[in-house]
Amino acid sequence: MMPSGLSRPHPVALVVDDDPIIRLLVRETLEGDEWIVEEAADGAEAVDTYGRIHPDIVLLDVMMKPMDGFAACAQLRNLPGGDQIPILFITGLDDLESITRAYDIGVTDFITKPINPPLLLHRVHYSVRSAGVVQALRAGEARLAHAQRLARLGSWEWDLVHGHLTASQEVVRMCNLISAGDRLTYEEFLEIIHPEDRELVDHALQATLREGTPLSLDHRLLSSHSAGPTVHQEAETVYDSNGRAVRMVGTIQDITERKQTEEQIHFLAYYDMLTGLPNRRLFHDRLTQTLAHAERHERVGAVLYMNIDRFKRINDTLGHTAGDQLIQEVSDRIVKCVRKSDSVARHAEGVHQSTVARRGGDEFTILLTELASDNDVARVARRILASLAEPFLIAGQDIVLSASLGISHFPTDGEDVDTLVNNAETAMYDAKEQGRNTYRFYSHAMNASAVERLALEGCLRKAIERNELCLHYQPQVNIRESRIVGVEALLRWNHPERGLIAPAEFIPIAEEAGLIRSIGEWVMRSACTQQQQWQTAGLPPIRVSINLSSLQFQHHDLLETIQSALATAHMGPQYLEIELTKNILMKDVESTVKTLRELKTMGVHLAIDDFGTGYSSLSYLKQFPLDTLKI
């Protein structure tokens, strides 16, 4: 990666996407942050452009033709400097197989569609900063290797005939001796070795003297009676013409910086930088080892998959700095909740029976071993939920959290890492569907339900283009005059195999899959068109009522969508009624009032639905410019 700060005034980004709208959005976001942006429309063009501009980061779409993002990423990694540049995938994919494949070919990070510009900038800054850290570590390692070749190493000599040692100036410096050339006894020489390594060095030196084999080992020194540098020592025995050992010569080289660099690289590879917990890679390794041990010794254990409920709301409200602090404190509480005998693993504590790991974001996994019964796992889960229920003091505010946990057992719920983690995650989603702030054990029925839900989502993505969606119209009757005054458009999905599916079954899936906006636009256009067709047929004009979901109402282009539907159908706004639930109205009152007033100015009628369910108050309705109250 080119050091942009030295060679050019602004960093350069290469944006690769076959969608010009996405490229434009990314370009405007980055240029607003003083980036120079180059574009490519496909993977092949990206590879050619990379060699010309040497960007500081590549933002790469996954689904492109003829060369997709996976192939482009693999080729970029093989170009000069391509192994160091951060590559950020812009994708709508969220399946584990695609994510695993992406990491395997060298993707640095992900940003999901639709793109959130502030989040995009955050990811770009983080990726470039992280790449700089790794590059700095590599550069430091290279400088150290060069210095080792050129530097004069500290040397010592042990006169075996007279029984004394002499040391060079470099050894004097490292060991804090008085001066070079001073004679030491062998025992005094051992005194400069760290007490914990002294016996090791003594045995190695004696073996070299006895067997004549060269010595090569790392150990620590003492410096002013405290822990000193880590050194690499080499030694060999010198013989006279009669084959008698007369002296031993050796070198000592300070390798402290190299050791620290290795530890830093190891930390970056296996531990989460924010919490210090093992990352998903180390958790995978630990679980693999545990499963092998459990199989040999017929042991049982469990994997817990935890997700903080509604964490995004906290991040959006208080900011990412507060969100990071909250994640740190959550990780500390989880660690304390796991029983002491589980020896929860943290960096540099060695190999332990059980591990708490951060998978990323607000997701954690916990490995529990040597279990006697399900009660042991449930006890840990309840302890975690109770601990998170205690308020967190973040940014001067008390924040109360809840979490959802899923639990899978081995070997009953899986005998490999991916199966166990996936099943625990499935159980976690079931816990969320059960109301959150709880835990669930995995069952095969959950997996069947998840598979069915995934299949339904796949069919729903094609439902619009296949004309499988339809509207039923429920009449609104003036009973005094016995005439229809309006209709409510009710969405149905005419599934080719299952028949009519009610919205309660597929709307939540549409919201999670990001399809609700396109479905909502289709409903709006279809209902307005139908209203005009009725008038063209000679029927009296009536009002059509359409329900909006929370996601539709909060979308920034709601007004444009409604205006477009009305204009396309040549329909007057007075014949359109928008229905909202009270929960939508109360989510963000100030923003809601603004949007409702704009709709009223347009001429659209407004209604509130399901009033009277749960907590309902007539007083708060005065804040909103509503026309109709449905009880």
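Predicted model: local features only at pLDDT ≥ 70, side-chain atom pairs only at ≥ 80, totals over all residues.
1. What does Arg-23 pair with? Its salt-bridge partner is Glu-39, and the closest N and O atoms are 2.9 Å apart. Arg-23 sits in helix H2 (residues 20-31) and Glu-39 in strand S2 (residues 36-40), so this contact ties together parts that are 16 residues apart in sequence. Glu-39 counts as partly exposed, at 26% relative accessibility.

2. Another pair worth a look is Asp-272 with Arg-358, whose side chains meet in a salt bridge at 3.1 Å, N to O. Distant parts of the chain are linked here: Asp-272 is in the loop between helix H10 (256-270) and helix H11 (280-297), while Arg-358 belongs to strand S13 (residues 355-360), 86 residues apart. Are these two buried or exposed? Asp-272 is buried, and Arg-358 is buried as well.

3. Back to Arg-23 for a moment. Salt bridges with shared partners join Arg-23, Arg-27, Glu-31 and Glu-39 into one network.

4. Then there's Asp-240 and Arg-244, with side chains that meet in a salt bridge at 3.4 Å, N to O. Asp-240 is partly exposed, its relative accessible area being 25%. Arg-244, on the other hand, is exposed at 52%, as the cut-off for that label is over 50%.

5. For the overall tally, how many salt bridges does the structure hold? The count is 23, and the pairs picked out above are among them, including Glu-39 with Arg-23.

How values were computed: Residues numbered from 1 in each chain as written. Heavy atoms only, no water. Salt bridge = Lys/Arg side-chain N within 4 Å of Asp/Glu carboxyl O. Helix = DSSP H or I, 4+ residues; strand = E, 2+ residues; numbered from the N terminus. Buried < 20%, exposed > 50% of the residue type's maximum accessible area, 1.4 Å probe, protein only.
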